[in-house]
Amino acid sequence: MLKHTFAWTLTLLLCSLSLFSCRHASENKHYTIGFSQCTGGDAWRRQMLSAMKGELLFHPEIELQYRDAHGDNARQVNDIRDLVKNGIDLLIVSPNEASPITPVVEEVFKMGIPVIVVDRKISSSFYTAYIGADNYEIGELAGSYVSEVLGGKGKIIEIWGLRGSTPAVERHKGFVHALSGFPNIDVVAEFDGAWEIDTVKHGLAAATTQATTVDLVFAHNDVMAYGAYEVFKEARPGNDTKFIGIDGLPGPAAGIQLVDDKILSATFLYPTGGEEAIRTASKILKKEHFEKDNVLLSTVIDPKNVRVMKLQTDKISSQQADIVRQQEKINEQVNAYTKQSVLIYILLASLVATIIGGAAAILAWREKKEINRQLEAKRNQILEQKNEIAEMAEKAELATQEKLKFFTNISHEFKTPLTLILGSIDEIIAKNTADRVTSTDNLRLIRKNAIRLLRLVNQLMDFRKIEDRKMPLRASELDLVAFIEEVMAAFNKTAARRNIRYTLLGNADRLLAWFDPDKLDKVIFNLLSNAFKFTHDNGKITLTISVDESGKNAVIFVEDNGVGMSKDDADHAFDRFHTGEHSAGTGIGLSLSKEFMELHHGSLMLSSELGKGTRFCIMLPLGKVHLSDNEIASRDVAFVHDIDYEAIADDTHLPAAEIDVENDVTIKEHTILIVDDNQEMRFFIRKKLQPFYNIQEAQDGVSALDKAFSTVPDLIICDVMLPGKNGIDVTTTLKNDLRTSHIPLVMLTARGSIEHKIEGVKTGADEYIAKPFVFEYLSERIKALIKSRKLLRDHYIHGLNVSTVTTAPGNLDRKFINDFTALIEKNVANADLAANEIAHELGMSRVQVYRKVKALLGFSINDYLVNVRLQKAKYLLMNTDKSVAEIAQEVGFSSPAYFSTIFKNKVRQSPTEFRSNKMNLHPTN
Ligand code: FRU
């Protein structure tokens, strides 16, 4: 758009400049004068034109269009018409002959175009001005002069100008009139010279032959007089005929010069009137005052004044030449000025164009800046929208992930009860027995887990209803204290069994409140089961009921001193799909509880500190002004638990058979540590393994580590989802600690995906079993792992090929074995080397080294030490000549006798016997 503006501006500028220059030119040439000349061929006419041009120099506003009719009347008529057609403002005409030219001149005059007649006249008075000398008077002057020169007597020839032209006629009349007083002067002949020298030269000869004596020839102009002179000079050499003419022009072969050269006796000045014609024209055109008839003066030029005349005319000529030169100079300067003006205009135009261009550029720049700003704003807006979309997509993705995680977790929630149900059923089927105790225990376990599944399903359905807004509040006015006491009662047995201080505090015995018992029951029950789940045995769980300061809300605190939550877990505890690190469960219960409290127009909040405990706060608005009619139950409903709460509340209740199991103290060869937060699961596994192994239990990650380090079991079964420290962390810690790195670890988990399996195995787990599992499989894997440890031991002891070992030792165990054997090797001669010293050297406790050496090598430290000493002794006996006493000392026995005793004990030969039988043995064995 700006480009257009710029182009337009430039065009306008150039147009105005050209208009300016056009106007300037037309100002210079304001008027056009047409000049129709009867003939342009002679000196007098050239003089006239040059005089006009000289005068025009002072009238730059006037343009002259010139036409030469070459003495042809018809042509002159055409010339005049042509000039008029050209749109002249004024006509100057010197008619060839009066009669033929008069009509066209009248015509022009009548058209309103001013007409100036010069020199020769027309036959009417339809002209604007006349300029010319008085030809009659000149004729008279000539006649008088002739009479004087001839002394009143003589013969004359008169040579006429063109007969139809007025000067010829008038000159003749004046001449005749002047001579009329001199009867002795005779015009012997008249000759038509028609103003032309050639006509005279060719026509006069015949006439002259007729006249015997001619004293004087009077010609109407100088050129014809000179022509006559020439003719006479040739025809009558030496005669003294005098010649006179008219015009008196300056210049070579012109009148004045001819007089000076004594060719002419005299000439009469006949001014051309060129300057006067232009001056008068200018006056007419500019509407100034002018004279209609302008008679130019004439005078005689003869030998008396010819010199002065010549000098004057020469001077005039040179002055005219000067004027022309100066005019040329002026023209040059005007041209230079014009050029410079043009240059200045161009520069000015360029400057203006530059300024306009600059302005346009600034405008364009501003426009561009504005567009850029708008674009930038648009871009930012789009970017913002994009970010918003990305954020929303991320949120949606996160929500989807959370949902997927939630459904995975909830599916896993189903797996533990299902494992227990299936395991119990398996057992019933396998035993197919009337063992009532086992059957009853199993059936009870099946029932409880089925109820647990039902509760999970109910919670899911509640969720669905809440999401679909199909769960209205049905509030009735009830005693809150009594209600809570009733809900709390479900946990009394559990609290007593686990020695948990479980109390209800509050000032009032009774507090009436409007609530939906079905929903508040779920809230309180859920908070309590949560508290019991995360509180250690011997812990404390307190409920407090009060009314807040405003008196408008009931406040219920459910407080425990259990494991507590990290800040992140606490922040997300109410997120529907969140699963806390510390929690093996799902966030569904807490999320539902919060929704239920919000249905009550109340709230549920929590504060928690990791390791210290958790406190939930329920706010329930009192009264019913905040409730709409459809939130109030139509009739009081008796509140009934829809499922067996007690069965669930007593989640840690163990069947009677457990006691027997725990009391089974028969010592077995291997010890297994079972780590699972679900007591039933622990019990289930324990019950099955107890007949073959010593069993240790841990319910969370921290106590699992404690037990592993203190007892160094032969195998660990560990659940992945544990409160506090999860199974992965536990495995990583154990596998990276020298004290426990050798212990085979079976990871038990509800997460059965291959990714989870890889994750578990990566941390160093030796086996990864997904729930629900078939117990026999677990049992077989335990056997195989323990066996592989034995094979490994054999490898260390007997130098078997590693590839035959099913479970290769980890790097840490290899290092331990290397360090341990190197230490023994180095100190084999040291009789004082004992377990204490070795443990110290290896940076472990005596028990840990003992258990580790036993686990990895199958020997006690001392047995191993003795073995090494004996191996070395065998070698020395076979390959050296050293005495038995020397060898005993070298392999670290305090006395040769003790060495011999031990040697004989183990090898069943005395050292001497062994040496003598060496040929029967392999040298390196
Ligand atoms: C020139 C001329 C002059 C003369 C005049 C008369 O053409 O012949 O010599 O004076 O014309 O019109």
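This is a guided tour of the structure above, stop by stop, with something to select at each one.

**Before you start**

The model is predicted, so local features need pLDDT of at least 70 and side-chain atom pairs count only at pLDDT 80 or more, while totals for chains, interfaces and linings use all residues. Residues are numbered from 1 along each chain as its sequence is written, and side-chain values use heavy atoms, with hydrogens and water left out.

**Stop 1: the whole protein**

Show everything as a cartoon. The protein has 31 helices and 24 strands; these are DSSP runs numbered from the N terminus, with helices being H or I of at least four residues and strands E of at least two. Of its 925 residues, 47% are buried. Here buried means under 20% relative accessible area, exposed means over 50%, and partly exposed is in between (1.4 Å probe, protein chains only). Now consider contacts, meaning heavy atoms within 4.5 Å. Among contacts with a separation of 6 or more, 71% are between residues 24 or more positions apart.

**Stop 2: the ligand**

- from a polar side-chain atom of Arg45, 3.0 Å;
- from an N or O atom in the side chain of Arg171, 2.8 Å;
- from an N or O atom in the side chain of Asn221, 2.9 Å.

**Stop 3**

**Stop 4: aromatic rings**

Show the side chains of Phe, Tyr and Trp. A search of the whole structure finds 19 aromatic pairs. Rings (for Trp, the six-membered one) pair if their centres lie within 6.5 Å; planes under 30 degrees apart are stacked, over 60 edge-to-face, and the rest tilted.

Start with Tyr226 and Tyr229, a stacked pair at 6.0 Å centre to centre, with 15 degrees between the planes. Why do these two meet? They are three residues apart in helix 8 (residues 222–235), so about one helical turn separates them. An α-helix has 3.6 residues a turn, so residues three or four places apart point the same way. Tyr226 is partly exposed, at 22% relative accessible area.

Then move to Phe491 and Phe532, also stacked, with 4.9 Å between centres and 10 degrees between planes. This pair links distant parts of the chain, 41 residues apart: Phe491 is in the loop between helix 13 (480–489) and helix 14 (492–497), and Phe532 is in helix 15 (residues 517–533). Both residues are buried.

For a group of rings, select Phe893, Tyr898, Phe899, Phe903 and Phe914, which form one aromatic cluster.

**Stop 5: charges over rings**

A charge sits over a ring if NZ of Lys or CZ of Arg is within 6 Å of the ring centre and within 35 degrees of the ring normal. Select Lys110 with Phe126, where the charged end is 4.5 Å from the ring centre. Then try Arg615 over Phe557, at 4.1 Å.

**Stop 6: Leu520**

Return to helix 15 and select Leu520. Is Leu520 buried or exposed? Its relative accessibility is 0%, so it counts as buried. Leaving out residues up to four places away in sequence, Leu520 touches Leu480, Phe483, Phe515, Met597 and His600. Its C-alpha is 8.1 Å from that of Ser593, 73 residues away along the chain.

**Stop 7: two loop lysines**

Finish with Lys262, in the loop between helix 9 (255–260) and strand 10 (266–269). Its phi is near 65 degrees, a positive value in a residue other than glycine, and Lys262 is exposed at 66%. Lys287 lies in the loop between helix 10 (274–285) and strand 11 (293–296). Its phi is near 55 degrees, again positive, and at 74% relative accessibility Lys287 is exposed.

How values were computed
Polar contact = N/O pair within 3.5 Å; in protein donor to acceptor, adjacent residues only side chain to side chain.
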